[in-house]
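I opened this entry to keep track of what I look up. The structure comes first, then my notes.

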Amino acid sequence: MISEKVAALLERLFPEGAHAEVEAGVLSGGATVGGETVALAGVVDGTALGVNEVVRLSRALLEVLERQPKRPIVLLIDTRGQRMELRDELLGLNQYLAHLCRVLEMARQREHRLVAVVAGEALGGALIATGLMAQEVIALEEANPMVMPMAGIAAVTKCCTTMLEELSARNPVFTPGADAFYRMGGIDRLRPADPAAALAEALNEPVRLADHRAAQGEGRGGRTKARNVAERVVALP
Amino acid sequence: MKGSTMKEGIRFYHATARRRVAAFLDEGTFTEWLGPQQRLTSPHLPEFDLPVSFDDGVVIGCGRLAGREVYVAAQEGGFLGGSIGEVHGAKITGVLRRAAERRPAAVVWLFDCGGVRLQEANAGEMAVSEAIRALMACRSAGVPVLALVAGANGAFGGAGILSLCCDRVIASESVRLGVSGPEVIETVMGAEAFDSRDRALVWRTVGGKNRYLYGEVDTLVEDRAAHWREAALAALKAIETGPLRWSLEGLRAESEALARRVEQYGDAGDALEIWKRMGLENPEAIPLMEVPELVAAAKAKGVR
């Protein structure tokens, strides 16, 4: 069953046509971009990424890796985050998310161009295991990536939410949302005027294995130390 | 002689990162990189009026394990729960990238980490992702990465994912591994979702023994320096002589194993029920078992 939201997203991203099925929030399918066939996978409709969703997504991705060598993959992301339930923690959700990271890394190593489109919520561990494994991340108008809801942050840091909200208003390192992640270097294309054209452009880029994000974050003033510190370790005598 | 015997008996659970490293490596072989004298501190914590640490909560460097060169990263749980901030994460990513280039025998990551440092949330999230990519690049370059989950903060949040991206996971029975901590689940979803004050429930859900019984933790050790060393050496040997795990076929097998776990235990609701379904006799006794006893019971029943 495809929601209106997903149907509208597909129409906006793939004017040359797309087909997809969504089963319990996990999307798989295909589309044509610039005359080339691409595979679609993702988690949509705000669905939380739990053990069931990871298994479904992993199978869809492995199917592409096994049967369609080098076919580009577009990851569609709209998830309220890793599933926060005792059941999923009990079954070892950390291992499932790590598995998903490995599958996506394998896709890039086997020369599948991998582009993520954030089209809604994208929280915490779910973002780490999906979009942040792609070679490029496009954030649409409705994208709202964040690490954790404010209530959770307040509980862990023992700060009151008023103080946190005040801080987040002036410091991008802490602010939820796509602008802040863009400053960090984690988003490559922010709210493109023509999402379909931006996606086609991103898919035209060659496979990129090196991690460009710390340098990108430094260039945008969001992370001043990450690139420098990592490079200093590598360059030690 | 007395000194080295004492060292072998050190427990890692409450030890500092530096003490863990010193006890883990061959005596006197550790060289620290970008140590406290370099004063690499978090640029973000002063915003919160929080003190900074001159190593940003992680000790990195190189040393020898049974004579072989290894790189290490050890998180300091005493500083903001060992959490991953911008500098902290970049130091570890640097170690992994350096290892991919210079090829030591292994990278050993001593985890003691509650996850992303929320005071620098976005930079911490990026740091976790960059460490994951560097870790996989390191493994692809043929340098194994071992996760030793030894500290009181265990490996949670982004660190819970990172630890399972390693080639092998070694843990003691008292540590916890997971993504969302019980306190966070309780805050966001309510106490009926996960009662974080029920210590026995928390422990049997995310504790080392449960993770071991699934195969999520490869080796369960008694918390003594000598056992951590022994387990790390055995893991290295197994990696060097065993089949390649990092392959498409390996990922397919892993995917199906994870699917089976959901089918077999997805409706169990509690670790006690899962252990019962695994065929372990008297699951109620598992929390009280010593490590060798549990390992023997798991092997006898073919659980492991």
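Which residue does Glu85(A) meet in a salt bridge? I looked it up and found Arg83(A), with 3.6 Å from N to O. I keep in mind that this is a predicted model.

I then checked how open the two partners are. Glu85(A) has 32% relative accessibility. I count Glu85(A) as partly exposed, because that value falls between the 20% and 50% cut-offs. Arg83(A) has a relative accessible area of 17%, so I count Arg83(A) as buried.

**Entry: a pair inside chain A**

Next I looked at Glu136(A). Its salt bridge is with Arg189(A), and the closest N and O atoms are 2.5 Å apart. Why does this pair tie together separate parts of the chain? Glu136(A) lies in strand E6, residues 136-139, while Arg189(A) lies in strand E8, residues 189-190, so the bridge joins parts 53 residues apart in sequence. I found both Glu136(A) and Arg189(A) buried.

I stayed with chain A and turned to Leu140(A). I placed Leu140(A) in the loop between E6 and strand E7 (144-146) of chain A. Buried or exposed? Leu140(A) is buried, with a relative accessible area of 2%. I also checked Pro192(A), which is 52 residues from Leu140(A) along the chain. The C-alpha atoms of the two are separated by 6.8 Å. I listed the contacts of Leu140(A), leaving aside neighbours within four places in sequence. Among them are Leu9(A), Leu13(A), Val117(A), Arg191(A) and Pro195(A).

**Entry: a pair inside chain B**

I moved to Asp112(B). The side chain of Asp112(B) meets that of Arg20(B) in a salt bridge, at 3.0 Å from N to O. Asp112(B) sits in the loop between strand E4 (106-111) and H4 of chain B, and Arg20(B) sits in helix H2, residues 17-24. I noted that the two are 92 residues apart, so the pair links distant parts of the chain. Asp112(B) is buried, with a relative accessible area of 3%. Arg20(B) is also buried, at 0%.

I then took the total. How many salt bridges are there over all chains? The count comes to 39.

**Entry: where the chains meet**

I looked up Glu256(B), which bridges to Arg59(A) with the closest N and O atoms 2.7 Å apart. I also counted 40 residue pairs in polar contact between chain A and chain B.

I picked two residues of chain B that touch chain A. Thr205(B) is in helix H7, residues 199-206. Thr205(B) has 1% relative accessibility, so I count Thr205(B) as buried. Beyond four places in sequence, Thr205(B) touches Leu86(A), Glu89(A) and Leu90(A), along with Phe194(B), Asn210(B) and Arg211(B).

Thr93(B) is in helix H3, residues 86-102. I count Thr93(B) as buried too, at 3% relative accessibility. The contacts of Thr93(B) beyond four places in sequence are Ala230(A), Ala127(B), Glu130(B), Ala131(B) and Ala134(B).

**Entry: the nonpolar cores**

Last, I looked at the cores. Which residues touch the most other members of the largest nonpolar core? I found Ile132(B) and Leu213(B), in a core of 146 residues. Helix H4 of chain B, residues 121-140, gives the most to this core, with eleven residues.

Terms used:
Residues numbered from 1 in each chain as written. Chains lettered and ligands numbered in written order. Predicted model: local features only at pLDDT ≥ 70, side-chain atom pairs only at ≥ 80, totals over all residues. Heavy atoms only, no water. Salt bridge = Lys/Arg side-chain N within 4 Å of Asp/Glu carboxyl O. Polar contact = N/O pair within 3.5 Å; in protein donor to acceptor, adjacent residues only side chain to side chain. Core = buried A, V, L, I, M, F, W, Y, C linked by side-chain atoms within 4.5 Å. Buried < 20%, exposed > 50% of the residue type's maximum accessible area, 1.4 Å probe, protein only. Helix = DSSP H or I, 4+ residues; strand = E, 2+ residues; numbered from the N terminus. Contact = heavy atoms within 4.5 Å.
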